[in-house]
There are 2 protein chains.
Amino acid sequence: MTLVTLPQIIAARETLSGHLHRTPTVTATYLGQQLDLKLYFKLELLQKTGSFKPRGVLNRMHHLSAEEKARGVITLSAGNAAQAVAWAARQAGVSATVVMPAGAVQSKVEATRGYGGAVIQTAESLLDTCLAIQRERNLTLVHPFDDLYLIAGHGTAGLELLEDVPQVDAVIVGVGGGGLISGVAAAVKAHNPAIQVIGVEPEGASAMTQSLAKGEPVSLSSVNTIADGLAAPFAGVHTLAHVQAYVDEMVLVPDTAIIEAMGLILERCKVLAEPAAASTLAALWSGAVKPTPGSTVACILSGGNVDRAALKRLL
Amino acid sequence: MTLVTLPQIIAARETLSGHLHRTPTVTATYLGQQLDLKLYFKLELLQKTGSFKPRGVLNRMHHLSAEEKARGVITLSAGNAAQAVAWAARQAGVSATVVMPAGAVQSKVEATRGYGGAVIQTAESLLDTCLAIQRERNLTLVHPFDDLYLIAGHGTAGLELLEDVPQVDAVIVGVGGGGLISGVAAAVKAHNPAIQVIGVEPEGASAMTQSLAKGEPVSLSSVNTIADGLAAPFAGVHTLAHVQAYVDEMVLVPDTAIIEAMGLILERCKVLAEPAAASTLAALWSGAVKPTPGSTVACILSGGNVDRAALKRLL
């Protein structure tokens with residue numbers, strides 16, 4: 001199985017340069033003190049479209065042929081990849097169709113339309129619906145997570161983190177389909193294999209944990225979590241391979257811990273982490289991950305796309 | 001009247017270096033498009049203690065004599081200066097007493113105590129109570145805003161903004177006692193007098209606007225605004241002088257506009273701006289400030305200290 005290499009991630013960084021934000025990493029002093037850690041948050045929630053996703057998507061779009069672009073692209077997503085594909089397609093002058101679940105976060109649907117994406121919502125299987133429309137309309141599929149160009153693009157977040165916190169001992173990343181952790185882990189392990197990379201899934205959407213146990217990608221018949229950004233119902237072939245090769249530990253957290261972590265991040269660090277992002281602090285706060293006391297730990301706050309109504313309910 | 005000079009601000013920057021965050025400035029693309037502006041937010045809400053205040057307070061503490069430090073410091077504040085003084089005093093090994101209003105935001109009271117400050121809450125005049133305790137206990141007064149060392153410290157935020165957005169045409173700053181705008185305006189005008197500096201007050205706490213009109217510091221008998229960070233009941237002698245010398249325009253905004261702006265910043269930019277900080281976007285969004293279309297405008301998001309319960313109510 002092919003794994004993304006450091007030169008591919010560095011090349012992605014050059015491709016993205018000038019198009020995306022170089023997001024900051026901040027210290028979380030109070031929360032770190034409570035946990036007896038030197039704690040950092042990488043603020044991917046400040047990225048264009050409100051999540052890390054355009055890193056991979058722009059890199060993927062860059063490598064499409066003129067013919068593939070001319071046909072238009074299609075993807076499937078609960079939200080963040082939807083926004084990123086619509087946004088990146090508009091940048092590239094390409095038409096974008098996005099298949100989203102019927103129950104997608106309304107602000108994510110609206111933002112996707114706002115970026116010019118044609119949204120199709122379905123209560124049926126996202127993947128089946130997407131593939132059917134793709135064949136019927138002869139569109140170019142941009143996978144939401146299981147693609148090497150995507151993974152290389154996401155890896156650029158790992159390069160930036162290493163620049164900002166070169167002494168990091170452990171990096172914690174939320175896992176949906178596994179695109180972000182695959183890229184970040186590839187970057188981090190190429191730099192220093194001793195740095196621990198830890199993945200977090202919600203208890204109600206543990207496709208990667210189950211896939212690791214089984215040794216092949218598992219599809220879940222249903223998912224149940226507040227972290228819509230981590231609610232991928234299946235792991236990817238490529239992402240599973242990267243997690244197998246590079247991720248040291250996978251842990252599960254309950255939604256209650258994720259909600260508590262969202263509130264703590266908002267109150268103490270003044271940034272809006274969506275549940276998928278807050279899962280990283282939830283893993284520490286709940287004790288699911290126990291780093292060495294006094295060590296340096298970085299959480300990637302992967303996105304900040306939360307409905308205002310949902311936020312009001314969760315606070 | 002003495003005005004803070006650029007060398008004094010540069011000296012403050014050296015004093016603060018390594019103790020405080022160099023906060024990032026981010027683009028607010030969507031909000032800027034709606035306003036036909038190139039819009040930037042300087043994220044002072046990511047500063048230590050959740051507001052810009054420690055910039056000035058640390059600089060003030062640095063210039064206290066050993067004898068003044070040994071006596072312990074006292075200040076009066078609705079919250080952000082309280083936290084900053086308690087935090088900075090702890091850094092310097094100095095005891096801190098803080099007089100806060102009976103109705104202060106609870107999380108600000110708790111945070112001040114958390115930093116080791118002795119909090120005294122009063123329903124009487126903050127200034128009179130503070131001065132009485134200061135005399136009685138022979139403490140060193142650290143003014144919450146009307147002090148040249150404070151103003152020079154706050155000016156460091158202006159220097160950073162100029163580095164990040166050198167092409168800025170206008171800078172918008174919320175005005176309570178006027179310490180932040182005084183320092184920022186001194187820095188900005190020293191760099192380029194053509195850059196507009198605009199101050200924003202809540203309709204219910206317009207001490208600076210009234211002081212400008214009268215030509216001397218005015219005390220308000222009462223204030224009424226959701227922006228506790230801008231609810232100073234009087235302008236300072238030094239801050240009025242800086243505003244007279246350097247600020248091009250003062251505008252008023254209603255609380256309704258501030259609340260709307262808070263929601264927009266949270267939803268679109270993923271950061272928690274307290275009402276005092278959101279007043280800057282409120283001035284643009286409500287039309288109280290109308291910059292030249294297409295121009296580059298920076299708002300200083302001065303802090304992010306909001307009670308969770310208050311936020312839930314406001315969303």
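A residue is counted as buried if 20 or more other C-beta atoms lie within 10 Å of its own, as exposed if 12 or fewer do, and as partly exposed in between, the C-beta atoms being placed from the backbone. By this criterion, buried residues make up 59% of the 315 residues in chain A. The structure is a predicted model, in which local features need pLDDT of at least 70 and side-chain atom pairs count only at pLDDT 80 or more, while totals for chains, interfaces and linings use all residues. Residues are numbered from 1 along each chain as its sequence is written, and chains are lettered from A and ligands numbered from 1 in the order in which they are written.

The secondary structure of chain A comprises 14 helices and ten strands, where helices (H or I, at least four residues) and strands (E, at least two) are DSSP runs numbered from the N terminus. The radius of gyration of chain A, taken over C-alpha atoms, is 18 Å, close to the 20 Å given for 315 residues by the globule rule (2.2 Å times the number of residues to the power 0.38), so chain A is as compact as a globular protein of that length. Its C-alpha atoms fill a box of roughly 55 × 45 × 40 Å along the principal axes.

Chain A is divided into domain 1 (6–51 + 147–314) and domain 2 (54–141), with bounds that come from an automatic or database domain assignment. The centres of these two domains of chain A, taken over C-alpha atoms, are separated by 23 Å. Across the boundary, 27 residues of domain 1 of chain A are in contact with 20 residues of domain 2 of chain A, two residues being in contact if their C-beta atoms, placed from the backbone, lie within 7 Å. On the side of domain 1 of chain A that touches domain 2 of chain A, helix H8(A) gives the most, with eight residues. The residues of this side of domain 1 of chain A divide into ten nonpolar, 13 polar and four charged; here Ala, Val, Leu, Ile, Met, Phe, Trp, Tyr, Cys and Pro count as nonpolar, Asp, Glu, Lys and Arg as charged, and the others, Gly among them, as polar.

Strand E2 (residues 38–43) of chain A is mostly covered, with six of its six residues buried. Lys38(A), Tyr40(A) and Lys42(A) point one way from E2(A), whereas Leu39(A), Phe41(A) and Leu43(A) point the other way. In a regular strand the side chains alternate between the two faces of the sheet. Strand E1 (residues 25–27) of chain A is joined to E2(A) by three bridges in an antiparallel arrangement, two strands being taken to pair if DSSP finds at least two bridges between them. Thr27(A) has Tyr40(A) as its bridge partner in E2(A). E2(A) also pairs with strand E10 (residues 296–301) of chain A, in the parallel sense and over six bridges, and there Thr296(A) is the bridge partner of Lys38(A).

In chain B, six strands form an open sheet of mixed pairing in the order E1-E2-E10-E7-E8-E9. Strand E1 (25–27) and strand E9 (249–253) of chain B stand at the edges, each with a single partner strand, so one side of each is left without a neighbour in the sheet. Five bridges join strand E8 (residues 196–202) of chain B to E9(B), the two running parallel, and Glu201(B) stands opposite Leu252(B) in E9(B).

Between the chains, 16 residues of chain A are in contact with 16 residues of chain B.
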